[in-house]
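Please look through the sequence and the structure below before reading on. The text after them is meant to be read alongside the model.

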Amino acid sequence: MSIANGLTVAKFGGTSVADYDAMHRCADIIINNPATKVVVVSASSGVTNKLVALTQATTTSEQSKLLIKQIASIQYQILDRLGHPSEVAAKIDAVISHISVLAERLVLSRSKAVMDEMLSQGEMCSSVFFAAVLREKGAAAAAFDVRQVMRTDSHHGRAEPQIESIAQLAEEHLAPLLSSQVIVTQGFIGADEEGATTTLGRGGSDYSAALLAEALRATAVEIWTDVAGIYTTDPRLAPNAKPIAEISFNEAAEMATFGAKVLHPATILPAVRQKIQVFVGSSWTPEQGGTWIRHQVSDEPVYRAVAVRRDQTLLNLHSLQMLHAQGFLAQTFATLAKHKISVDLITTSEVNVALTLDKTGSDSSGHGLLSESLLQELSQHCRVRVEDGLALVAVIGNRIASTAGVCRRVFEVLEPHNVRMICQGASPHNLCVLVEEAQAADVIRALHENLFES
Ligand SMILES: Nc1ncnc2c1ncn2[C@@H]1O[C@H](COP(=O)(O)OP(=O)(O)O)[C@@H](O)[C@H]1O
Ligand SMILES: N[C@@H](CC(=O)OP(=O)(O)O)C(=O)O
């Protein structure tokens, strides 16, 4: 197949490939849509968390053994249900042994490259299994190592994809395979120029699917998960949350950035660049439909959704140098940039700057963003105070900054809560408040009730 027209790339998240039965359901979705030629899978639910735990310095050798046993149990339960397990058994055995070898190597040297190699093993298993399940159902399908095409830089844990190289490599190695079969490949992982395995950051499989869709000039990306689309808020937090039939790229990007876990924030970028439509639906109930994310939508309401991003850090910088002076902010931002930290929200007063840090697509290693060396460097030119245990709650919609009455409706329900920081005005699409993490669920429910249920 030359690079395809009408091609769909479908991605299945961890819960959708959690076990054999889940994979079976997903295989039907693929078989029912002949346009789907590329399938991107995440690791089976829970596997990546266990692999991350295996890379932590604090994990004892006893704990490591238990973790490897638990990972093996998840994978062998899938293998045992396959019609022809012998076709793939050797590959799965090899992955499980490789995990043990990598765990031993990490005891000797805490190399970030080895950590990424470890984190990639879950996706290696699920892609082999998913292709086998498709074949079992009569489809022509093969597993494909995405590292042949997903070229990234060498920033392990949060590697940057190299868009042009990916397009070239996909044209050369992936497109020719699509005429005769469905290709099942791994999300979340890539490889640098030397061939070392890299990862795109936690939750990065959605991003992988969008990048492959861009490289193959696909017309649609489907994100199959455990909810029937993007809702007005996380349905686990507010049972009255409603599914959204259609949403614009801008709104969806804001939702993903502000914590709607259903979509990785970077997914939208390749889709926007190539005007690829994105669909989000439930692999459990595909007949229910889901959300289409499009360039243009028929309805752009003032209130679209509320989202929450937990585990926020507020950095408060105090310096008398700021008083009637120039350059303090430039110096601060240069230091943050040097440490590869991007700032999310910011408010300033005469002698203080308060900012929250952008943990979007956070590092796969699970390490915090604030290193000792960064704090030391900042302390050289200001007094630094760090507050943790906060959550960012965002009201997302359209014309937020130019519609009268938005603030009243938001703040009337915030009365019982201490609002640590407010940001509004820069974007027409959001109004954000920083609250104590323990109160975030109540704040979300109260906002949802006021904005969407009355
Ligand atoms: N606005 C929202 N709409 C739908 N789901 C949301 C929203 N915000 C958060 N979520 C959560 O996202 C989850 C799906 O994302 P995730 O667990 O990463 O799935 P997957 O493993 O398929 O990638 C849902 O179960 C839901 O709890
Ligand atoms: N397995 C990876 C990548 C991923 O995107 O997973 P999921 O689709 O289950 O969120 C992770 O857990 O981060």
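The model is a predicted one. Its chain is assigned two domains, with domain 1 covering 8–225 and domain 2 covering 304–452. Taken over C-alpha atoms, the centres of these domains are 34 Å apart. UniProt annotations give another view of the chain. An unreviewed UniProt entry places "domain: Aspartate/glutamate/uridylate kinase" at residues 7–281. That span is 47% helix and 15% strand, and its end C-alpha atoms lie 18 Å apart. The feature "domain: Aspartokinase ACT", also from an unreviewed UniProt entry, covers residues 393–450. Over residues 393–450 the chain is 34% helix and 31% strand, with 15 Å between the end C-alpha atoms.

In what order do the strands of the eight-stranded open sheet run? The order is β3-β4-β2-β1-β7-β9-β10-β8, and the pairing is mixed. At the edges are β3 (141–144) and β8 (246–248), each of which pairs on one side only. From one strand to the next, the twist averages 20°. Strands of a sheet pair through backbone hydrogen bonds, and the pairing can be parallel or antiparallel. Both senses can be followed at β10. Strand β9 (residues 277–282) and strand β10 (residues 290–294) run antiparallel and are joined by four bridges. Within this pairing, G281 has G290 in β10 as its bridge partner. On the other hand, β8 and β10 run parallel and are joined by three bridges. Here S248 stands opposite R294 in β10.

Helix α1 (residues 20–31) lies across β1 (8–12), β2 (36–41), β4 (182–186) and β7 (220–225), and runs at about 170° to β1. Helix α8 (residues 205–215) also packs on the sheet, where it touches β1, β2 and β7. The direction of α8 likewise makes about 170° with that of β1.

A further open sheet has six strands in the order β12-β13-β11-β14-β16-β15, with antiparallel pairing. Why do β12 (343–348) and β15 (419–424) each have one side left without a neighbour in the sheet? Both strands stand at the edges and have a single partner strand each, so one side of each has no neighbour there. Neighbouring strands of this sheet are turned against each other by 30° on average, direction ignored.

Strand β11 (residues 303–318) pairs with strand β13 (residues 352–357) in the antiparallel sense over five bridges. In that pairing L315 stands opposite L355 in β13. Strand β11 also pairs with β14 in the antiparallel sense, over twelve bridges, and H318 stands opposite R383 in β14. From β14 the sheet continues to β16, and these two strands pair in the antiparallel sense over seven bridges. V393 stands opposite V433 in β16. Helix α14 (residues 440–452) lies across β11, β14 (383–397) and β16 (430–436), running at about 140° to β11.

The ligands remain. Which residues come nearest to ligand 1? Of the 19 residues around ligand 1, these are G13, T225, Y231, D234 and V262. By class, the shell around ligand 1 holds seven nonpolar, eight polar and four charged residues.

Ligand 2 has around it the residues G13, G14, S42, A43, T48, G122, G187, F188, R202, G203, G204 and S205. This shell divides into two nonpolar, nine polar and one charged residue. G13 is listed around ligand 2 and is also one of the residues that come nearest to ligand 1. S205, another residue around ligand 2, belongs to helix α8 (residues 205–215), which packs on the eight-stranded sheet.

Key: Residues are numbered from 1 along each chain as its sequence is written. Chains are lettered from A and ligands numbered from 1 in the order in which they are written. This is a predicted model: local features need pLDDT of at least 70, side-chain atom pairs count only at pLDDT 80 or more; totals for chains, interfaces and linings use all residues. A residue is near a molecule or strand if its C-beta atom, placed from the backbone, lies within 6 Å of it. Ala, Val, Leu, Ile, Met, Phe, Trp, Tyr, Cys and Pro count as nonpolar, Asp, Glu, Lys and Arg as charged, and the others, Gly among them, as polar. Domain bounds come from an automatic or database domain assignment. Two strands pair if DSSP finds at least two bridges between them. Axes are lines fitted to C-alpha atoms, for helices over the stretch in contact, and angles run from 0 to 180 degrees between N-to-C directions. Two residues are in contact if their C-beta atoms, placed from the backbone, lie within 7 Å. UniProt positions are given in the numbering used here, feature names are shortened, and annotations may be inferred rather than shown by experiment.
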